[in-house]
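Subject: Structure handover

Hello,

My notes on it follow below.

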Amino acid sequence: MPLIGVVFLVTTCSGPEVQKLSDQNLVPTANPDRFSLTPNKGRVVQVLDSVTIEVESGGRTYVVRYLGVTLPDGVDAAAAFEFNAFLVKGKIVKLSTDTVDVDLDGALLRYVFADGEMVNLKLLSGGWGEVASFPPDFEEFDKFLKAESEARSAGQGIWSVKVPPIPVVPPPA
């Protein structure tokens with residue numbers, strides 16, 4: 001009986017390399033150029049979730065997470081994702097740093113500006129996120145906390161209370 005072999009050809013995908021920085025960048029340094037290897041602007045090529053995007057700059061793609069913003073468990077992640085995509089998808093954005101360069105997953109932590117407005121703040125003030133616990137201290141913390149508090153009080157975005165409709169029961173016949 002002849003022996004039949006199966007050959008699998010494994011290829012790698014070509015395209016821009018997605019950059020995640022190592023944990024060694026978590027430690028702030030006195031060097032003012034510490035962020036010089038990361039972009040300060042680029043085009044949003046993909047929205048990964050409600051608080052994470054991919055930004056292409058200089059032929060590379062970087063994973064960028066909105067500094068100071070997270071989405072709590074158990075909320076309408078799809079609506080938050082759609083709002084994020086509406087704000088940034090395909091747009092040129094400016095990226096600004098703070099005291100911590102990357103998160104624990106290696107994504108760049110940035111303030112993101114689209115159309116002249118800070119996306120991080122728009123997400124919070126629209127009720128599409130909450131203030132993140134990492135990093136524990138950042139420049140816009142008080143402003144972010146106020147925006148989240150106002151959105152919660154107004155019942156905006158994920159903080160809206162959805163009351164199910166009262167079913168109409170027909171009278172007995």
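This is a predicted model: local features need pLDDT of at least 70, side-chain atom pairs count only at pLDDT 80 or more; totals for chains, interfaces and linings use all residues.

Start with strand S6, where the side chains alternate. Val 93 and Leu 95 point to one face and are buried.

S6 has neighbours in S2 and S7. Strand S2 spans residues 41–47 and pairs with S6 in the antiparallel sense, over three bridges. In that pairing, Lys 41 stands opposite Lys 94 of S6. S6 and S7 also pair in the antiparallel sense, over three bridges. There, Ser 96 has Tyr 111 in S7 as its bridge partner.

Now the chain as a whole. It has three helices and nine strands. From the N terminus on, the elements run β-β-β-β-β-α-β-β-β-α-β-α. The chain has 173 residues, and 39% of them count as buried. Take the contacts between residues at least 6 apart in sequence: 63% of these join residues at least 24 apart. The accessible surface comes to about 11,000 Å², and 58% of that belongs to carbon and sulfur atoms.

Next, the charged pairs. The structure holds nine salt bridges. Three of them are described here, by residue pair.

Asp 105 and Arg 65: this pair forms a salt bridge with the closest N and O atoms 3.6 Å apart. Asp 105 counts as exposed, at 51% relative accessibility; the cut-off for exposed is over 50%. Arg 65 and Asp 105 also belong to a network of salt bridges that includes Asp 103.

Asp 101 and Arg 110: their side chains meet in a salt bridge at 2.7 Å, N to O. Are these two residues buried or exposed? Asp 101 is buried, with a relative accessible area of 4%. Arg 110 is buried too, with a relative accessible area of 0%.

Arg 152 and Glu 148: the closest N and O atoms of this salt bridge are 2.8 Å apart. Both residues lie in helix H3 (residues 141–154), four residues apart, so about one helical turn separates them. Arg 152 is partly exposed, with a relative accessible area of 40%. Glu 148 counts as buried, at 8% relative accessibility.

Last, the backbone. Most residues other than glycine have a negative phi, and most peptide bonds are trans. Two places in this model are worth a look against that background.

- The peptide bond from Phe 134 to Pro 135 is cis, with omega near -5°. Pro 135 has its place in the loop between strand S9 (130–131) and H3.
- Asp 115 is not a glycine, yet it has a positive phi of about 55°. Asp 115 lies in the loop between S7 and strand S8 (117–118). Asp 115 is exposed, with a relative accessible area of 61%.

Best wishes

How values were computed
Residues are numbered from 1 along each chain as its sequence is written. Side-chain values use heavy atoms; hydrogens and water are left out. A salt bridge is a side-chain nitrogen of Lys or Arg within 4 Å of a carboxyl oxygen of Asp or Glu. Buried means under 20% relative accessible area, exposed over 50%, partly exposed in between (1.4 Å probe, protein chains only). Helices (H or I, at least four residues) and strands (E, at least two) are DSSP runs, numbered from the N terminus. Two strands pair if DSSP finds at least two bridges between them. Contact means heavy atoms within 4.5 Å. Accessible areas come from the Shrake-Rupley method with a 1.4 Å probe; for residues, only the protein chains shown count as cover.
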